Amino acid sequence: WKYSFEKVNVEIAETIAKAAKEAGVERFYHMSCVGASPDAKGLKFQTRYAGEQAVKAAFPEATIFRMAPMVGVEDRLLNSYAFMTRRMPYLPLYDGGKSKMQPVWVHDVVKAFVETLKYEGTKGKLFEFGGPEVYTVKELVTLVERTIREPSGGLHIPSELGRMLDAPRSFLQSQIPFPVPTHTMLTADHIDELESDLVVDQEALGFESLGIKPSRIDQGVPIEHVRFWRSGGYDFGSTFE
């Protein structure tokens, strides 16, 4: 149960695609991510791209979705920033939090999924989905801090120092057959992923081609779940503006 990026993103995806093709499945969707590239520094993004290629080879009519980091009730983006702000001594901002991303609301991705199901022409196509705004990591952390009414716990850390801090865990992980408990955002793999800006390609098919207007993630329902991280309950918090 300690699986590699290669195992999960390539081998398992290829196995499922082959099985679906052999079973005569009519529609097959492969969920990838914005940033997938053979040239990316992050192993996650390298294997995501390899997984796309493996799926296309096994099931040429597969529809591939590349999503920017998604937000929603159980997301691992805004909730992670809120968790680290509330529960940990500091929240690392590697290289000042300058990496860019274009978070997308999960409900908008669901709308896109339903819409593509309506048309045969979406078979074999690749779509990229991102929200209407591009943020730096620092801006997203600040958004979360203000939403949960907590003072900033962001600490600027050079990426190389972050990798050094993760080296003991990484070494131990390579020696044992089960995962070492640690927050994903404290790992060298995560730091490598921040080398890529997670912004959609303007030339790619996306929400606009499906007639969908994506929602902002900094207001209304898309960020409502983050408010439950406030100290003392939904209507409270440690600070007020």
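Reader: How many cavities of 30 Å³ or more does the count come to?
Author: The count comes to 1 cavity of 30 Å³ or more. Keep in mind that this is a predicted model.

Reader: What volume does the largest cavity have?
Author: The largest cavity holds about 80 Å³ of space.

Reader: And which residues line the largest cavity?
Author: Its lining is made of Tyr81, Leu91, Pro92, Leu93, Tyr94, Gly97, Ser99, Val137, Met185, His190 and Leu194. Strand β4 (residues 91–94) gives the largest share, 4 residues.

Reader: How does the lining of the largest cavity divide by class?
Author: It has 8 nonpolar residues, 3 polar and no charged.

Reader: Now pockets. What is the volume of the largest pocket?
Author: About 1800 Å³. The largest pocket has 49 lining residues, and nearest its centre are Phe5, Lys44, Arg76, Thr184 and Glu193.

Reader: Which elements give two or more residues to that lining?
Author: They are α1 (5–22), β1 (29–33), α2 (43–58), β3 (70–71), α3 (78–87), β5 (100–101), α6 (159–175) and α7 (188–193). The largest share comes from α6, with 5 residues.

Reader: What about classes in the lining of the largest pocket?
Author: There, 23 residues are nonpolar, 16 polar and 10 charged.

Reader: How much space lies in the second largest pocket?
Author: About 300 Å³. The second largest pocket is lined by 16 residues, with Val200, Gln202, Gly206, Phe207 and Glu208 the closest to its centre. By class, that lining has 6 nonpolar, 6 polar and 4 charged residues.

Key: Residues are numbered from 1 along each chain as its sequence is written. This is a predicted model: local features need pLDDT of at least 70, side-chain atom pairs count only at pLDDT 80 or more; totals for chains, interfaces and linings use all residues. Side-chain values use heavy atoms; hydrogens and water are left out. On a 1 Å grid over the protein atoms alone, a cavity is a set of points where a 1.4 Å probe fits but cannot get out, and a pocket is an open set with protein on both sides within 12 Å along at least five of seven lines; lining residues have an atom within 4 Å of a point. Grid points are joined across faces, edges and corners, and a volume is the space filled by probe spheres set on the points. Ala, Val, Leu, Ile, Met, Phe, Trp, Tyr, Cys and Pro count as nonpolar, Asp, Glu, Lys and Arg as charged, and the others, Gly among them, as polar.
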